[in-house]
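Here is my note on this model, as numbered points. Please read it with the structure open.

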Protein chains: 2
Amino acid sequence: MSKIATDSVGVVRPQSLHFDEPLELVSGKTIEQYEIVYETYGVLNAQADNAVLVCHALSTDHHAAGYHSEEDSKPGWWEICIGPGKPIDTNKFFVVSPSNLGHCSGSTGPQSIDPKTNKAYGPDFPIVTVIDWVNYQKRLADRLGIKQWAAVAGGSLGGMQALQWAVQFPDMLRQCVVIACAAKLSAQNIAFNAVARRAIMSDPDFHDGRYYDHATVPASGLKTARMLGHITYLSDDAMGDKFGRELKGEKLNYDYGIEFQVESYLRYQGESFVDRFDANTYLLMTKALDYFDLAGKEGGNLAAVFEKVKAKFFLASFATDWRFSPARSREIVSALTDAKRDVCYLEFASNHGHDAFLVKNDHYIDAFRAYMQNIEVSK
Amino acid sequence: MSKIATDSVGVVRPQSLHFDEPLELVSGKTIEQYEIVYETYGVLNAQADNAVLVCHALSTDHHAAGYHSEEDSKPGWWEICIGPGKPIDTNKFFVVSPSNLGHCSGSTGPQSIDPKTNKAYGPDFPIVTVIDWVNYQKRLADRLGIKQWAAVAGGSLGGMQALQWAVQFPDMLRQCVVIACAAKLSAQNIAFNAVARRAIMSDPDFHDGRYYDHATVPASGLKTARMLGHITYLSDDAMGDKFGRELKGEKLNYDYGIEFQVESYLRYQGESFVDRFDANTYLLMTKALDYFDLAGKEGGNLAAVFEKVKAKFFLASFATDWRFSPARSREIVSALTDAKRDVCYLEFASNHGHDAFLVKNDHYIDAFRAYMQNIEVSK
């Protein structure tokens, strides 16, 4: 008998679609052809008005819910929010969860073969932005016969894609769900990304991004980058509660080995990440974050940007998130209000920092579920 | 005519003393002999009761005030606080400012020759702790004929030394001045240090710390470490005000070069640091921070530790300091109050984050001056 919980979508299989139509990018470059790997959960109704697009964040991918086998112990990244009876209820909605262009989990990215050279793109893979991802996801919607999303939803970098959808294709979504997000990175956010990229790019195994040709990976640099990222995903309090100054061993050794549990934990996080993630993709994702600036073309005037959106908004933030603090969500809410848009905003108490959007919390889940239940779809 | 301001101590010369008596360290190791490089400002009075010990932080040294020549454009690190008429008034006090053991600016450290091998210590230089530094500074006091400091003062890691003095030699100081400090690092503080050390130690030019023998330095790793440190010294707001999302060039290039001013600034900070600082010392200083735990032996009970101190305390913190936030200072103040000690505590509005203790701010300077003016010394 399966050990998978009954409120899970269960065992799922990624799907793939090939696209031949060139995609012009913000950078001026073009991707001639590409694959989109995605998962779907639930059933598209006859009117095709119950589809929800789920957008992933920096280090996650198309596997948002369910398991890849009966034996798989690790569900998709948003298992707490997607499934029967969950906020994004798969008894009601048809969920589409693609991996973005540039990713390392199947969709075309730096590890893919460049048809021009018959070698992996590596550092020649063009920089992609949130605007490009929305165009890319739009083509997936077209192919799947979805003319309008019931909702586009995401947290962190995923929330940025949801925001961008509302601006870029205002008629193509009815709800925009934006969690633990910001309308642009702060200087501090950019600075952390710059240090993370340095760690990767200065690893001698990086070989200017052509490490695939050298049968190596910049594991050390990627590990450092991930450790740094991880500090910014957790709150100071959460780290304090979890580890404090607890020692790894029985006593201090007064050397340069690991002395404290928090060091050991971070090292583990870094190591397990290296096994599943590509360094060129990590660079690309941090750049997409840096470049995102929803009101950039409007001189920073977010309210002006929101004048043309049509979706209703649900925003949520978490008290101890210092990467994208509640204040950053309030900026968006304030601009939406100035533009007289329909917005529901909630701030949740949580000790989990930025990661809170991935962590079960009754207030968050219940409020998100209530919002999604009110969305009207055809039977 | 000199361009040096009249409220500066002017041109100063570092001095040096040799110590033959072995210094036993907390780690169980021993330094057989060592040099202490230090600067002094002002004049020791006949009763030797006007001496102030200034303790330096992670990346500073004995050069706390004045200039090294008439042409020198960069004063000591606490020029705003030390000089005639300044908070630590050199018309009244005799200031002693040593470089700590393990440092790279003259006092014995990893770059010094190990008499046992006739080669640089490098990674064989023992780990030093704040407790060791206080013992080391005590010997300097003995040699200079100072039986009791009018005050021991410092910010950040320097404040930790001041706190440790009050506990370790309660009869040897009348005032303890602790600015932008904490009684121990948080898990997050430790985590940032761990990532910084990783950046240095994984640099191929590090050679397990024996890079002096290879005629190289782990410049790239040290630069990354400093960039990371620098982010934690500034507030999110200060970085936002100073740089925001300002571009380095006229437009975005969509590549992995520097796009934003904040990246350029950090890179400059990293590069200039590499020119003046030794990587092994950086490792050592971050370890001293990690190991500091004022109430560690008392099971975290700070008030119990303060039962035996005799000094009066002046503590200050800065609103936007997230490295050692005001809450960390309040923990110390609260424990001092519980132990019925004499304490003056001030929290200052400042946009400068942790660096605020090095930045001129009238409220801070005036309050610090007022406190120091009330200290009684013989004529």
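1. Start at the pairing of E5(B) with strand E11 (residues 151-155) of chain B. The two strands run in the parallel sense, joined over four bridges. Strands pair here if DSSP finds at least two bridges between them. Strands (E, at least two residues) and helices (H or I, at least four) are DSSP runs, numbered from the N terminus. Within this pair, Val54(B) stands opposite Ala153(B) of E11(B).

2. A word on the basis. This is a predicted model, in which local features need pLDDT of at least 70 and side-chain atom pairs count only at pLDDT 80 or more, while totals for chains, interfaces and linings use all residues. Residues are numbered from 1 along each chain as its sequence is written, and chains are lettered from A and ligands numbered from 1 in the order in which they are written.

3. E5(B) also pairs with E8(B). Three bridges join these strands, which run parallel. Ala51(B) has Phe94(B) as its bridge partner in E8(B). Val52(B) stands opposite Val95(B) of that strand.

4. Is E5(B) enclosed or open? Five of its five residues are buried, so E5(B) is largely enclosed by the rest of the structure. Buried means that 20 or more other C-beta atoms lie within 10 Å of the residue's own; exposed means 12 or fewer, and partly exposed lies in between, with C-beta atoms placed from the backbone. From E5(B), Ala51(B), Leu53(B) and Cys55(B) point one way. Val52(B) and Val54(B) point the other way, and all are buried.

5. E8(B) pairs with E4(B) in the antiparallel sense, over four bridges. There, Tyr38(B) stands opposite Pro98(B).

6. Now the whole sheet. It is open, has eight strands with mixed pairing, and takes the order E1-E4-E8-E5-E11-E12-E13-E14 in chain B. Strand E1 (15-19) and strand E14 (343-348) are the edge strands; each pairs on one side only. On average, neighbouring strands are turned by 20 degrees against each other, direction ignored. Axes are lines fitted to C-alpha atoms, for helices over the stretch in contact, and angles run from 0 to 180 degrees between N-to-C directions.

7. Further along the sheet, strand E12 (residues 175-179) and strand E13 (residues 312-318) of chain B pair in the parallel sense over five bridges. Cys176(B) has Phe313(B) of E13(B) as its bridge partner. Helix H1 (residues 130-144) of chain B packs on the sheet and touches E1, strand E4 (34-41), strand E5 (51-55) and strand E8 (94-98) of chain B. Its direction makes about 140 degrees with that of E8(B). Contact means that the C-beta atoms of two residues, placed from the backbone, lie within 7 Å.

8. How do the copies relate? Chain B can be laid on chain A with an RMSD of 0.0 Å by a turn of 180 degrees and a shift of 0.0 Å along the axis. That is the relation of a two-fold axis. The superposition is by least squares on the C-alpha atoms of residues with pLDDT of at least 70 in both copies.

9. At the interface, 41 residues of chain B are in contact with 41 residues of chain A. H3(B) gives the most to the side of chain B that touches chain A, with eleven residues. By class, that side has 23 nonpolar, eight polar and ten charged residues. Ala, Val, Leu, Ile, Met, Phe, Trp, Tyr, Cys and Pro count as nonpolar, Asp, Glu, Lys and Arg as charged, and the others, Gly among them, as polar. The copies meet through the same surface, because 100% of the interface residues of chain B are also interface residues in chain A.

10. Last, the domains. Chain A is divided into domain 1 (15-184 + 292-373) and domain 2 (190-287), with bounds from an automatic or database domain assignment. Their C-alpha centres lie 25 Å apart. The contact takes 23 residues from domain 1 and 18 residues from domain 2.
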